[in-house]
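Please read the following explanation with the sequence and the model side by side.

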Amino acid sequence: MFKSKRQRRVAGDILTYVVLFTLAGFCLGPMVWMFLTSLKPEADIVTSEMQYVPRHVTFENYVAIWTQSNFPVLITNSLIVTTITVAICVVAGTLAAYAFARITFRGRNNIMLGYLLVRMFPAVMMIIPLYVMMRTVGLVDSRFGLALAYTSFLLPLFVWMLKGFFDAAPKELESAARIDGSTRLGAMVRIVLPLARNGLVASSVFIAIAAWNEFIFALMLTTGQGSRTWPVGLQLMVGEFQLPWGVLAAGGILSILPVMLLFAIVQRAMVQGLTAGAIKG
């Protein structure tokens, strides 16, 4: 009987590892393939026989996209727009999430439901109204205007996520700070925010990734190189009679490096924040 249980446990462990490795290969496979493609010369990419490993490793695709295109400008625009979007969401979203978590007022549930309804509609439905509004105030084809457009559909997500972490913070500590003479804003900054720090980091990372990879709004609301972001720039490299697979793959690898760097910096805080939210739920 003991041997049978042990065999079942070993079989279960083997099955678990097989499933995990399969999922990991399914998720990482396209990225590995893109990296290998970026190291191939153009003549070795479109061939009659499949070549998984580059026969001739070259970095000409990286040199081409960095020197022969506006990729540095596109990456800079994406960094600026993403930073502005995250800054607006952190400032406005933190105050809003705290108000929803701590203050009882008329219509609170309806407003939160409205935030949820905003996320239910496709973002493409908001493009025409946003374009008309931004053209009226002169924010079309500007990085700040694009950041405001991103904020319109990312701020509700940030508020919903952060409100759960504020709800998990003990109200007794905040009440004690208020009794000692602290203002509500001071109690939020000194007591609540340190307790919800990991949740704030996790929410900010999700917003940053969504803003970094956004394509539809950037395509419709930008027309010049001064504000165009990297997803639009990569798409515009596809011509009617040419498809530079190697250059596109190199651009994809270069574009995910900032995201990987961000994860490396905030990985621990982000995992702790997501785990805390999962335990609370």
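E174 and R102 are both buried, where buried means under 20% relative accessible area, exposed means over 50%, and partly exposed lies in between (1.4 Å probe, protein chains only). The model is predicted, so that local features need pLDDT of at least 70 and side-chain atom pairs count only at pLDDT 80 or more, whereas totals for chains, interfaces and linings use all residues. Residues are numbered from 1 along each chain as its sequence is written, and side-chain values use heavy atoms, with hydrogens and water left out.

E174 and R102 form a salt bridge, with their closest N and O atoms 2.7 Å apart. A salt bridge here is a side-chain nitrogen of Lys or Arg within 4 Å of a carboxyl oxygen of Asp or Glu. The two partners come from distant parts of the chain, 72 residues apart: E174 belongs to helix α7 and R102 to helix α3 (residues 71-102). Helices are DSSP runs of H or I with at least four residues, numbered from the N terminus.

By this rule there are two salt bridges. The side chains of K163 and D167 also meet in one, at 2.9 Å from N to O. Because K163 and D167 are four residues apart in helix α6 (residues 143-168), about one helical turn separates them. D167 is partly exposed, with a relative accessible area of 31%.

Two packed helices are described by the angle between their axes and the distance between the axes. The axes of α7 (residues 171-179) and α8 (residues 184-195) come within 9 Å and cross at roughly 145°. These axes are lines fitted to C-alpha atoms, for helices over the stretch in contact, and angles run from 0 to 180 degrees between N-to-C directions. The crossing of α7 and α8 is right-handed, that is, the near helix is turned clockwise from the far one by less than a right angle. On the α7 side, L173, E174, A177 and R178 take part; they meet R184, A187, I191, V192 and L195 of α8. Contact means heavy atoms within 4.5 Å. Sorted by class, the residues that join α7 to α8 are six nonpolar, no polar and three charged. In this scheme Ala, Val, Leu, Ile, Met, Phe, Trp, Tyr, Cys and Pro count as nonpolar, Asp, Glu, Lys and Arg as charged, and the others, Gly among them, as polar.

Which residues touch the most other members of the largest nonpolar core? In this core of 36 residues they are L146, Y150, L154, L162, F166 and F217. A nonpolar core is a set of buried Ala, Val, Leu, Ile, Met, Phe, Trp, Tyr and Cys residues joined through side-chain atoms within 4.5 Å. At least two residues of this core come from each of α3, α5 (127-137), α6, α8, α9 (197-213) and α10 (216-221). Helix α6 supplies the largest share, twelve residues. Beyond its neighbours within four places in sequence, Y150 is in contact with V81, T85, A211, E214, F217, A218 and T229. A second, separate core has 17 residues, including I65, W212, V247 and L254.

Several single residues complete the picture. T151 is located in helix α6 and is buried, with a relative accessible area of 7%. Not counting residues up to four places away in sequence, T151 touches T85, I88, C89 and P156. L74 is placed in helix α3 and counts as buried at 6% relative accessibility. Again leaving aside neighbours within four places, L74 is in contact with Q225, R228, T229, W230 and G233.

G251 is found in helix α12 (residues 245-280) and is buried, with a relative accessible area of 0%. Outside the four places on either side in sequence, G251 touches I65, F71 and L234. The C-alpha atoms of G251 and M34 are separated by 9.8 Å, although these residues are 217 residues apart along the chain.

The loop between α5 and α6 contains D141, which is partly exposed at 30% relative accessibility. Most residues other than glycine have a negative phi. D141 is not a glycine, yet has a positive phi of about 60°.
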